[in-house]
Structure formats: C-alpha cells, structure tokens
Amino acid sequence: MTAVSQNTTVEPRTYRDLLSAAVPRIRVALRDALSGSADTPWLDAVVMMRHASGQSQERLIAAMNDPVDASCAQRFESLVKLRCTGLPVSYVIGKKEFYGRDFRVTTDVLVPRPDTETLVDVVLDLLRGVGPAHIHDACTGSGCVAITIAAETACPVTASDVSPAAIAVAEENAVRLLEPDRRPRFFRSDLLTELPDALGRFGLGAPAIVSANPPYLTDTEYGELVRRQWPEPALALRGGIDGVDAYARLAGQALSCLAPRGYLVVEIGSSQGPRVRALLESAGFVDVATITDLGGRDRVCVGKRP
C-alpha cells in the first residue's frame, strides 16, 4: 500500500509573532540583571527589530501583522541572543540616540544617557551669554557632547579622552554626523593635561567653557557592576572611593586652562552635588551652582573662573 503524502503549509511568522516570542526570553535571561537594565523587554525587542528590518518605529507598528522574511528573522534572532547574554541594547545594535542624533557606540565607550543632555543644555545656555567661543570637552567618550555642541553652535570645539579607542569612536561619529569644517578636533589626554599643548598645535586660545562627564561611580558601585559583568569601560565609570576623584584634578587643571571668567561644567552623580560644589569652590571657582535634570535630580555642577 502506498502512503498518500500530505502537504502542510507553514504560515510565515509575523513581526508581532517574533516580538512576542522574544520578550519572555529576554525577561527570563535578564532576571538577575542590574536594577533598571532589563525593565523594558518589549522596547528592547522593538529596537532590535527596527535595526534588523531597517524600518522606522512607525512603519514597524503598521507592519506588525505582516510576514517577516527569513533574512530579517535571522538577523533579529542573532540580536536577541546577544541581548540575552546581558549586553545592553545599544551595544547589541551598535548605536544610541542622543540629542536627536544616532551615535555609534562600542564597548570602548560609555553609552550616552538622556541625563547627559542636561550637560549640553547648560553649555548652550552659557554660550548665549558668552557668544561664539572655544569649547573643550574632556572625557569625551563617544564624542556625543562635543559633536552635539559643534552641531548646535558655530563655536570651535576640541575634545579629549584618555582612551585611544574612545577617540577613534568619537572621530568616526564626527565624520558621519558633521561637515569637515564643523568637526571637533580630538586628541588623547588624561583630563586636561595635554590641553595647553593641543591649543598651541591647533592655534586656538584658552577655552571659554570646559565640559566633562568624568567617571563618578564609587568603588562600591563599580564593584557591583564588575560582579554583574557590566560591559562599559572602567575608565568611564570608576571614580574612586567616593566617586569624586576626577573632579578635584579636573577643577585644578581647568582653573589654569580656562579663559578669564570661563566656565567649568561637569556632570555629577545625583548625590554628589554638595561634595563637587565644595571641590570647585576650594579650587578657586566662584558662582558655583548645581543644575537638576528633567527628573529633578542634581546632574550638573557649574563654576566660573574669576
């Protein structure tokens, strides 16, 4: 007797199907992750699907019930597997939006945070009173602050970082996001140690504003990240016993590098305002103030050189 074969048709999986299947996998894989780093598995999945499919969020939402082609499904599966290892979404897809622009990120640089946009806002506000002037951004990382300031103003911008790998990422971002005559000039420096020599090479005067997002995690906070195998670079995170080691050095260097009546503008941890204000005042800055972020937390400290 000859068996009769039966053809069964497998319906292509839709975007909604793949997203819905990915969410519990991400949630289970990251249940022991750092607080706040795995709270949005659906959003994570959507971001990865947008990257895999090359679609905008609006188009993806409209296409939720459409079938997904095999190559897109494979790309999405690869991204989900990476996310399930604990790698932050920004590293998984290799980019992060900041101030309306997409910045390339690797594990050589800190992922730009929305809170850091407050640092940019403060610099731009100060420039309204100062006028076009040289700005220097220390601890530049991906270059998100320096490139944003250069894009939003007509000011010459320089930027530095102690990590050559971070400088390479920042330069790549500048090439992709800015015209040649608007790009910051990048150089390697431990905080501001190389700034005087760089100014001579570039033919620039002393900066009117120095901005920085230095490492400000305490040793205890950083130790917890190490325990959880957090992938961001130690150079961008570790701020010493109480998280403020970089600020004392930076304040002293900035006071000698800034133009008269120039400003030092630094991002801080939400509990570090009083300590950082005291460090800036001790170094000789005046009119020292703390600015809060959109969540009402202390986020930026500003001091003026006399």
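**Exercise 1. Find which residues Phe202 is in contact with, leaving aside its neighbours within four places in sequence.**

Step 1. Locate the residue. Phe202 belongs to helix H9, residues 195-202. Helices (H or I, at least four residues) and strands (E, at least two) are DSSP runs, numbered from the N terminus. Residues themselves are numbered from 1 along each chain as its sequence is written.

Step 2. Apply the contact rule, heavy atoms within 4.5 Å. With neighbours within four places in sequence left aside, Phe202 is in contact with Thr158, Arg185 and Phe187. This is a predicted model, in which local features need pLDDT of at least 70, side-chain atom pairs count only at pLDDT 80 or more, and totals for chains, interfaces and linings use all residues, while side-chain values use heavy atoms, with hydrogens and water left out.

Step 3. Classify the exposure. Buried means under 20% relative accessible area, exposed over 50%, and partly exposed in between (1.4 Å probe, protein chains only). Phe202 has a relative accessible area of 21%, so Phe202 is partly exposed.

Step 4. Check a residue elsewhere in the chain. Arg299 lies 97 residues from Phe202 along the chain, and their C-alpha atoms are separated by 31 Å.

**Exercise 2. State how many aromatic pairs there are, and describe two of them.**

Step 1. Set the rule. Rings of Phe, Tyr and Trp (its six-membered ring) pair if their centres lie within 6.5 Å; planes under 30 degrees apart count as stacked, over 60 as edge-to-face and the rest as tilted. The count by this rule is three aromatic pairs.

Step 2. Take Phe98 and Tyr99. Their pair is tilted, with 6.3 Å centre to centre and 40° between the planes. Phe98 is buried because its relative accessibility is 0%, whereas Tyr99, at 22%, is partly exposed.

Step 3. Take Phe187 and Phe202. Their ring centres are 6.0 Å apart and their planes stand at 55°, so this pair is tilted. The pair links distant parts of the chain, since Phe187 is in strand S5 (residues 185-188) and Phe202 in helix H9, 15 residues apart. Phe187 counts as buried, at 5% relative accessibility.

Step 4. Look for a cluster. Phe98, Tyr99 and Phe103 form one aromatic cluster.

**Exercise 3. Describe how strands S1 and S2 pair, and what follows them.**

Step 1. Two strands pair if DSSP finds at least two bridges between them. S1 (residues 95-98) and S2 (residues 101-104) are joined by four bridges in the antiparallel sense. Lys95 has Arg104 of S2 opposite it.

Step 2. Examine the turn. Two residues lie between the strands of this hairpin, and Tyr99 takes a positive phi near 55° there.

Step 3. Move on to the loop between S2 and helix H6 (117-130), where Thr106 is found. Thr106 has a relative accessible area of 15%, so Thr106 is buried. Not counting residues up to four places away in sequence, Thr106 touches Tyr91 and Val169.

**Exercise 4. Work out which way the residues of S7 point, and which strands S7 is joined to.**

Step 1. S7 covers residues 263-267, and five of its five residues are buried.

Step 2. Sort the directions. Tyr263, Val265 and Glu267 point one way, and Leu264 and Val266 the other way. In a regular strand the side chains alternate between the two faces of the sheet.

Step 3. Find the partners. Strand S6 (residues 209-212) runs parallel to S7, with four bridges between them; Ala212 has Val266 as its bridge partner in S7. Strand S9 (residues 298-304) runs antiparallel to S7, with five bridges; Val300 in S9 stands opposite Glu267.
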